[in-house]
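The tour below moves from the whole chain to single residues.

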Amino acid sequence: MLQAQSVTIKTDRTRILIGERVQVDLTVSLPYAGYHIGFTFPDSIPHFEVIENKDFDSSMSNGTYTINKKMIFTSFDSGSWHIPAFKFRLEQNKLSKIFSTDSVRIDVGYAASDSTNQLRDIKPILEVTVKDNRNMYIIAGIVLLIICIVLFYLYLKRRKPKTVPVFHNALSPFDEAMKALADLKQFDPGKSDQLKAYYSALTGIFKKYCSRKMDKNLMNKTTGDILISLNNKFNNPDLVSMLAIALRSADAVKFAKYVPDVSASDLSKEQIRSVIELMEKE
């Protein structure tokens with residue numbers, strides 16, 4: 001059977017001035033721990049305002065389990081009012097029981113008026129000394145102006161001129177490269193007089209893409225320089241190997257050491273496209 005040893009509610013005062021605080025302590029003493037307490041705080045209390053509503057805390061002392069809750073109220077209505085009784089539920093092992101506290105009466109009033117009717121002398125007029133601080137303001141303004149001039153000079157001295165990115169274009173490096181690869185259809189690699197132009201444009205597309213991504217001009221770099229640079233940057237053997245095949249094929253065509261057929265030329269273009277896509281992902 002659920003049984004509380006005691007349920008008490010007390011305040012730190014029973015009389016307050018309008019706007020003063022009154023603390024209400026709700027204490028429940030139980031024979032042992034293991035209880036669950038259910039408490040529903042009312043939405044509003046007539047004539048009182050809730051300033052603080054703390055959660056329950058618990059403690060164990062001399063075999064008694066104590067649950068305590070602190071609430072702080074104030075009132076702006078003069079009169080004698082009651083903080084109503086609070087109901088709560090104790091639960092343990094699927095058993096529950098409702099308990100109720102006593103209500104608390106609080107007298108709310110104004111500060112006592114002065115009933116002596118004594119006249120009090122008016123304080124004499126105090127002389128005020130006015131200081132002229134204009135010189136201080138002038139000096140402060142001059143110092144501030146000098147500081148601003150120095151800071152502006154340092155800013156101009158240290159400001160680096162904005163540099164335009166290499167091969168600046170409204171399109172991103174990737175989009176520009178993809179568009180240029182699509183435009184290669186104007187060349188016919190099956191015709192000997194357009195083969196070198198096709199491979200020269202293909203190599204230029206890749207070098208320009210790398211130049212924009214690395215923000216430095218790589219257009220005059222050799223195939224070996226580009227392969228070394230990308231190998232150090234990406235450490236991706238598949239990417240470097242695929243690129244090496246395409247660029248070295250282009251070099252061979254350039255120096256008339258190799259005449260690929262149309263399928264080989266298309267393969268070189270797709271290799272360059274795949275390398276650019278891999279670089280974009282990494």
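The stops that follow say what to select and what is found there.

**Before you start**

This is a predicted model, in which local features need pLDDT of at least 70 and side-chain atom pairs count only at pLDDT 80 or more, while totals for chains, interfaces and linings use all residues. Residues are numbered from 1 along each chain as its sequence is written, and side-chain values use heavy atoms, with hydrogens and water left out.

**Stop 1: the whole protein**

Show the protein as a cartoon. It holds six helices and eleven strands; helices (H or I, at least four residues) and strands (E, at least two) are DSSP runs, numbered from the N terminus. The protein is more spread out than a compact globule, because its radius of gyration is 44 Å, well over the 19 Å that the globule rule gives for 282 residues. That radius is taken over C-alpha atoms, and the rule is 2.2 Å times the number of residues to the power 0.38. Along its principal axes, the C-alpha trace spans about 120 × 80 × 35 Å.

Now switch to a surface. Of the 282 residues, 30% are buried. Buried means under 20% relative accessible area, exposed over 50%, and partly exposed in between (1.4 Å probe, protein chains only).

Among contacts in the protein with a separation of 6 or more, 65% are between residues 24 or more positions apart. Contact means heavy atoms within 4.5 Å.

**Stop 2**

Select Met71 in strand E7 (residues 64-74). Met71 is buried, with a relative accessible area of 0%. Which residues is Met71 in contact with, leaving aside its neighbours within four places in sequence? They are Val22, Gln23, Val24, Leu26, Phe41, Glu52, Asn53 and Phe86. Draw a distance from Met71 to Val24: these two are 47 residues apart along the chain, yet their C-alpha atoms are separated by 5.1 Å.

Next select Ile37, in strand E4. Ile37 is also buried, at 15% relative accessible area. Beyond the neighbours within four places in sequence, Ile37 has contacts with Phe56, Ile67, Phe88, Arg89 and Leu90. A distance drawn from Ile37 to Asp25 reads 16 Å, C-alpha to C-alpha, for a pair twelve residues apart in sequence.

Follow the chain to His47, in the loop between strand E4 (36-39) and strand E5 (49-53). His47 is not a glycine, but its phi is positive, about 75°. Its relative accessible area is 34%, so His47 is partly exposed.

**Stop 3: helices H2 and H3**

Select helix H2 (residues 173-182), where Pro173, Glu176, Ala177, Met178 and Leu181 are buried. The cover over the buried residues of H2 includes H3 and H6.

Move to helix H3 (residues 192-214), which has 23 residues. From its first C-alpha to its last, H3 reaches 34 Å, close to the 33 Å expected at 1.5 Å a residue; the expected span is 1.5 Å times one less than the number of residues.

What follows H3? The next residue is Asp215, whose phi is positive, near 55°. Asp215 lies in the loop between H3 and helix H4 (223-234). With a relative accessible area of 45%, Asp215 is partly exposed.

**Stop 4**

In helix H4, pick out Ile228. Is Ile228 buried or exposed? At 53% relative accessibility, Ile228 counts as exposed. The C-alpha atoms of Ile228 and Phe187 are separated by 30 Å, and the two residues are 41 apart along the chain.

Then go to Val259, in the loop between helix H5 (237-254) and H6. Val259 counts as exposed, at 69% relative accessibility. Val259 and Ser192 are 67 residues apart along the chain, with their C-alpha atoms separated by 8.4 Å.

End at Ser268, in helix H6 (residues 262-281). Ser268 is buried, with a relative accessible area of 4%. Leaving aside neighbours within four places in sequence, Ser268 is in contact with Tyr199, Leu202, Ala246 and Ser249.
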